[in-house]
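Work through the exercises below with the sequence and the 3D view open. Try each task before you read its solution.

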Amino acid sequence: MQETEQVVQADGLILILTAVSIILSSYPYLCILSAGFLLIVFTVRSLTEESSGLLFAVQICLSVTFAVLAGGVWACLIFYECRFFRRMWPQIFLPSLACCLIQAMEKDLALPEVILSAIILCLVSAAVALGEHLMMSYLSAKIQNDKAVSISAVNEMYEKKLNRELVIKNYLTDKNARLEERETISRNIHNSVGHSITAAIMTLDAADLLFEKDPNQAREKLNAANRRIRTGLEAIRHAVRILDEESESISAWDFLQELNDLTESFVMDTTVQVYQDYNDLPDSLQIPREYTEFLTGAVQELLVNGVRHGGADCFRIRLMGDSCHICLVVQDNGSSSFSEENREERIREGFGLKKLIAYVERCGGSAVFSNENGFRAEITLPINSPSET
């Protein structure tokens, strides 16, 4: 980030000095040519990891050429961008030193004029350095703040995932108990709707503060709150419909509604993108309830792990199924260290993946994990033989 900001600042300074030289210099075209070479050199410098003495010498030569052709003291400010030292203060005095050396060649200039020009250049360089420092401090603080927000959102999702795992465990120990099933669904309603309403309230508060200053942004906040409330209402309707059903299976359509609510909530709480492909899952397919609970928790586990451990910002979720099997594939673009060499160790140390594999094997299915261009998980379950507790 620092290298990028520095090259942008250098390019801006060169463009300003070039524009002035076109007006004041006797050699405007030569000034433009030397400025072009300087832009190339500064760009190359931003791409190198370590300072090079040769590159610094080229910068000095081109800067001297530009300053002489421009014919003004102000042109010596270009020496500020000749960055070779780690500290900032040598850069502040470098334009003044260059100015003194160039003006020393002109015998008709008086010493007070040279000293005054050097002082002015030193003050201007100090102002540029101060602006650069403030800009870098602001950007660093902004990045740290964004990172803290993302970590907080991921931690919240991780806590929700742990709560959901506890619900799934209780359900698997007594899947025939209707009361336990109702309590589980009620708890899920409370979590999802409570989160949506809380987020809507915060959004409405923000809209109220922005109403007079920025009506358009306030309107966007109101629309976001409206979407949050509608999401909570849909969650209530969906849960009530599930409660009214006596079957131990859930239709694929209802299961997809649960997944959509989960992914929409995840997207709203983070800055990631989630692409979903459910075209190969028939809407009429009946899926055991415990499978839907497990697969929903598996999706949440893989989303949280992708952001938390791999730094992923894009996910692809695909569901396929027929009368005998259902298959879930989750792929991210993260940089996880998972590999075939450390697969056993990572699964043994990771509580989430170990739980997924244990359940899948107990059901007679399979779980395959790989890490090529991002972490990929493929979970297959047999529909006709759900696990027995």
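## Exercise 1: Salt bridges

By the rule used here, the count comes to three salt bridges. A salt bridge is a side-chain nitrogen of Lys or Arg within 4 Å of a carboxyl oxygen of Asp or Glu. The model is predicted: local features need pLDDT of at least 70, side-chain atom pairs count only at pLDDT 80 or more, and totals for chains, interfaces and linings use all residues. Residues are numbered from 1 along each chain as its sequence is written, and side-chain values use heavy atoms, with hydrogens and water left out.

**Solution.** 

Step 1. Start with Asp 277. Arg 318 forms a salt bridge with Asp 277, and the closest N and O atoms are 3.9 Å apart. Arg 318 is in strand 4 (residues 314-321) and Asp 277 in strand 2 (residues 273-280), 41 residues apart, so the pair links distant parts of the chain. Strands (E, at least two residues) and helices (H or I, at least four) are DSSP runs, numbered from the N terminus.

Step 2. Go on to Asp 280. Arg 318 also forms a salt bridge with Asp 280, where the closest N and O atoms are 2.7 Å apart. Asp 280 lies in strand 2 and Arg 318 in strand 4, so this pair ties together parts that are 38 residues apart in sequence.

Step 3. Check accessibility. Buried means under 20% relative accessible area, exposed over 50%, and partly exposed in between (1.4 Å probe, protein chains only). Arg 318 is partly exposed at 35%. Asp 277 has 28% and is partly exposed. Asp 280, at 38%, counts as partly exposed.

**Task.** Which side chain meets Glu 378 in a salt bridge?

**Solution.** 

Step 1. The partner is Arg 376, at 3.0 Å from N to O.

Step 2. Glu 378 is partly exposed at 26% relative accessibility. Arg 376 is partly exposed at 29%.

Step 3. Now look for shared partners. Salt bridges that share partners join Asp 277, Asp 280 and Arg 318 into one network.

## Exercise 2: Aromatic rings

**Task.** How many aromatic pairs does a search of the whole structure find?

**Solution.** 

Step 1. The search finds three aromatic pairs. Rings of Phe, Tyr and Trp (its six-membered ring) pair if their centres lie within 6.5 Å; planes under 30 degrees apart count as stacked, over 60 as edge-to-face and the rest as tilted.

Step 2. Phe 294 and Tyr 359 form a stacked pair, 4.3 Å centre to centre, with 25 degrees between the planes. Phe 294 lies in helix 9 (residues 289-310) and Tyr 359 in helix 11 (residues 351-362), so the pair ties together parts that are 65 residues apart in sequence. Both Phe 294 and Tyr 359 are buried.

Step 3. Phe 369 and Phe 375 are stacked too: 6.0 Å centre to centre, 20 degrees between the planes. Phe 369 is buried at 2% relative accessible area. Phe 375 is buried at 12%.

Step 4. Ring pairs link Tyr 291, Phe 294 and Tyr 359 into a cluster.

## Exercise 3: Confidence

**Task.** Where does pLDDT stay under 50?

**Solution.** 

Step 1. pLDDT is the predictor's confidence in each residue, from 0 to 100. The chain averages 75, and 75% of the residues score at least 70.

Step 2. The stretch is residues 385-389. The model has 14 contacts for it beyond four places in sequence, a contact being heavy atoms within 4.5 Å.

Step 3. Where pLDDT is low, the predicted coordinates should not be read in detail.
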